[in-house]
Amino acid sequence: MNSFTYTAAPDANTAAALLTADKHAQLIAGGTNLLDLMKENVAQPAALIDINNIDGLDGITTLDNGGLRLGALAHNADTAYHPLVEQKYPLLAKAILSGASAQLRNMATNGGNMMQRTRCYYFYDTSTPCNKREPGTGCSAIGGYNRIHAILGASDSCIATFPSDMCNALAALDATINVTGPEGDRVIAFTDFHRLPGDEPQLDNILKHGELITSIDLPKNGFEKNYAYLKLRDRTSYAFALVAIATGLELQDGLIKNARIACGGLAHKPWRKPEAEDYLIDKVPIKENFEAAADIILNGAMGYKDNAFKIELAKRAIVRNCLTAANLNN
Amino acid sequence: MQQKYIGQPVSRVDGEAKVTGSAKYAAEFNVPKLRYGYVVNSTIAKGKIIKINLERAMAVQGVIKIYTHENRPSTAWLSFNYADMDAPPGKPFVPMHNNKIVYNGQPIAMIVAETFEQARYAASLVTVEYDKEEHESDLHAHLTEARLPKKGLATLLKPGPPKPKGEAEKIYEASPVKAAGTFVHGIEHHNPMEMFASTVVYEGEKKLTIFDKTQGTINCQLYVANVFGLPFKNVRVISHYVGGAFGSGLRPQYQLFLAVMASLDLKKSVRLSMNRHQMFTFGHRPATVQKTKFGANDVGKIQAINHESIGETSQFEDYTEIVVNWANMLYPSPNTKLQYKLKPLDVASPMDMRAPGGATGLHAVEVTIDELAYQAKMDPVDFRLLNYTDMDQTTEKPYSSKELKECFKQAADKFGWKNRNPEPRSMRRNHKLIGWGIATGIWEAMQLPTRAEAVLTADGKLTVSSATSDFGTGTYTVMAQIAADCMGMDLADVSFKLGDSDMPFAPISGGSFTAASTGTAVQAACLGLRKKLLKKAQKMVAAFTEAEFDDIDFTDSGLHLKNNSGPPLSYREIVAATKEKTLKSKNMGWPNAMKQRKFTRATHSAVFVEVEVDEDFGIVKVTRMVTAVAAGKILNPKTARSQILGGMVWGISKALREESVMDHRFGKFMNDSLAEYHLPVNADINDLEVIFVEEDDKIVNDLGIKGLGEIGLVAVPPAIANAVFHATGKRVNDLPITMDKVMDYASPLV
Amino acid sequence: MDENITAVKDAPVAEPKSHPVTININGQQHQLLVQPWVTLLDALREKLDLTGTKKGCDHGQCGACTVLVNGKRINSCLTLAVMQNGKEITTIEGIANGEMHPMQQAFIKYDAFQCGYCTPGQICSAIGMLQEGHATNREEVKELMSGNICRCGAYSNIVEAIMDVKEGGQYE
């Protein structure tokens, strides 16, 4: 861990201003990923701006449109166990509780969850080349040990995956992200927030330096009747996903009227394919239709030495999870 | 001797210290003006260091000195000075010895600073220029180059395979019932929860007190004294509490060498702790490839056993373990061919890791036996009973005791084995295929000479000590129980001390031999003390003057004449009458070689496992497991049960979770963290049951102790593998059994 | 041990400036001058001699460093001491109140540990979990205790100990 200065920001504007003023500064909230990366010498900020003392960013409040606003500084656990989240957005609650450990969920914030970085072994290991950590050095995961790596949307420069569980649910729910910064406030659609690696894998998302997430808005529809979250991993708990699926369905008269399927562990961002969701509209919720949707989602999937199994695994997981959401499992 | 405490489920005597946080581990002794070390590791696997750039690191405020191979103080010249009690044949690794890199992750520099944070920061600023050479780290790419291991002192405890008998290959080929397999094990790291650390307290010229994480304080004392040329008595190594070790503490690790070096050089106290990545930069359980070919006749009697193993070792030491010797100890066969070879690679020397060799070899043996039972169309329990023996056929000696049959009976009843449908893929629960599997376990019951001292004080308290270890094994507790019974005292008046090289000699603690070795020493010291008590009593009270040792009951903290010819005399009174106000006896507990040599001494286990395999995903869950263990006298069923439970969790982990995965382009482990090296978590562990079938075995030692550290683990991986076969109809012989290896087998066959 | 973590002067390589913080640890107010690069875990262990809180990985991957901050269980290795200003922290040393806490007693009774190194974290985590109130049965206890790794494999005894305390009515 390098030497850095520390400032506790009293409000969001000060935080954004301090951040804007120093391109080597970083915000710290829960710190669960940032301090981990600092101890690995992967993150080496010159300044840390502590935003935990900013008032008003940790609330969970209803919106006039019937939706729900999640404060960026609300902790993951407080969000998952919030009565409104449990009732109206059980998919989100379940996704959050599938991630990390109880201790980490008590520390980690909603904004921070979105900002967490990949778990790629090579990104973490400063003795190996990594384009995400040091652009231009190469991708060691290609041709290396790539069990946890992407099968969709990867590039020649990076095959890392985005590790969040919470974000898979937020993507499925069509959340929006409220951001403030030196150029004012803006709203980002959740599915636009994270990006694919392309030839700039060092960029995980489209947030600009100086900007700060203030809250996440959930639309009215929480898919609370027909939802399911499935996480497949190498141990029963406290492990990152090999494949994770968030599904929300609306059913009417035995037909699917609305479908959302977001996949984690497969790409550099929560993976959604609107064509697959559209395909399911007015279809019967049966295995064959979900298989067809899974094929659309996984179209173009490419495996490497250690992760090729994830293509078939993901297909089975999508089908299982959609059947569970439709209450048709078994 | 009345057994009031031995055999009772006494709660751990060190429990309160552990649950309140007052138990102090190696890195927790805070002394004034402590300096902090931090190690820099190599990032290549083979080559030479051309230059280490230290300027930026030296510029960090608080940095006192940086050690590298170029400036380190000289230590012993001769290689044998670096050989500890557990050193395999070869030349032990010497940290920062020269500019040569022999494995990725070897320590190449150490920062010493005023604070931990300064040292850690400075370490990140060190850059190294290497002259890289091609390395070899992949066992599978070099199997044909394997050779026989070199012999040395350490091989005494680890004999090579016995000579071939008969014509095992030919008979196998001709057998009507055959089973064969190739078994692949990856590398595993011990990963105890406490990371290796040494706090070296500088006590003055050439005098050190060292708080170290080790399974042998005297081993480390000898190592430090030999390497740094210090008088033995000036080196005191203390290790009262060890946060798990599992074999990793059998040898001094590099943090000890480096912390001592810096302390002596700076004449300051120094603490050096490893980080979790560095816990992957020394010994490990070696990768192995095993091949088995077992044959039986048409009634299911085994007639040929072929078992060969190739393991990796480092380029500088021939680490060996007993992998292939087990099959013929368990199953009689007139024809056997057992072979064990090594391939040196550019890696750190492997080390003993819980049930070394046994956990590896028995997986291959017991899966092959299971397959042979299927081929013979027999129930796997019946097949094992048909091929049961009370004699170890590798030595042609009988077992000193062997209640394995009773283990099978009790575990099968508890498990409900009789309800099993033998057909693979015949049982299911919703999306889950159900499988039931069994395996047999065996581990040697060893004993090594160990000393203990028993001290009675005038307050009526007994303190017994030995320089042995308790890394969670329960040594503190069971030794106090033994001492209390030997002396006829209340447990509350007895304490047992360990983990200090100033205490009477004990060897390194491992291999399941500590309870038997130290227990015998404690018994000897107490016997010595009883004799001294009688001598004193004879001078004090007339009624005792003529009494012989056998006329006395040592009970209720006093001497009682069996014939009631006089009042008892309390230990307290006797000790109070001595000039020193204490009475001591220091004795060696010797293994009874005369008794032992005619027998093979071993523990046995029978393990019954149920797994659920998700039919779509191939995820294996161990839903329940019953282990029955025959391991002589159980000193404390509570701590003993915990040890077996721990072994079962290790078995689940070995079968389903653990593997250190190397990227052979770098010769480096890529999942070197607890996030990616998957140890089981609480949610992984379901219904576990332990049964002890006691054995009354006076051949192993007077107290009948056999040891429990390894027997809980060895049979679990094959039992799980066999259950996965029963669930899916396919053999996955490549551990760990992860979902990708099972998925296609789990999906419904079409 | 000196409770003041003093700033280092004239740093040749830019050194973090110390910040004054007030932290209540186990019921006692501590005024500390702390450099920002000191984690809460290292401050407890190295500066305050509260070594009951363990370092098992230093990366939030094992749970040995679990402490209660304002009553909630967290990994003390993944937060900075400087971020704890005004917080109330309970470590294993502060769990017992005169006599051992029921959870500590239950851990001994059920032999819920072997080497003892993960134990303080397990106990703090278990107490925090019961206060959270989301574990209603064994399966949930297992899941919600999965952030505490025990290499000795004492899990089933840990669950027994926790269930005993939970059902002993110590918490509502």
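I began with the domain bounds, which come from an automatic or database domain assignment. For chain A this assignment gives domain 1 (5-53) and domain 2 (226-325). Taken over C-alpha atoms, the centres of domain 1 of chain A and domain 2 of chain A are 36 Å apart.

I noted that this is a predicted model, in which local features need pLDDT of at least 70, side-chain atom pairs count only at pLDDT 80 or more, and totals for chains, interfaces and linings use all residues. Residues are numbered from 1 along each chain as its sequence is written, chains are lettered from A and ligands numbered from 1 in the order in which they are written, and side-chain values use heavy atoms, with hydrogens and water left out.

I then searched for cavities (sets of points on a 1 Å grid over the protein atoms alone where a 1.4 Å probe fits but cannot get out; lining residues have an atom within 4 Å of a point). I found 10 cavities of 30 Å³ or more, a volume being the space filled by probe spheres set on the points, which are joined across faces, edges and corners.

The largest cavity holds about 260 Å³ of space. Its lining has 19 residues, and B:Phe93, B:Arg251, B:Pro252, B:Gln253 and B:Glu317 lie nearest its centre. In chain B, domain 1 (26-134 + 192-275) and domain 2 (143-188 + 285-446 + 598-746) each supply at least three residues to this lining.

The second largest cavity holds about 130 Å³. It is lined by 15 residues, with A:Ile148, A:Phe240, A:Ala241, A:Leu242 and B:Glu676 closest to its centre.

Definitions and conventions. On a 1 Å grid over the protein atoms alone, a cavity is a set of points where a 1.4 Å probe fits but cannot get out, and a pocket is an open set with protein on both sides within 12 Å along at least five of seven lines; lining residues have an atom within 4 Å of a point.
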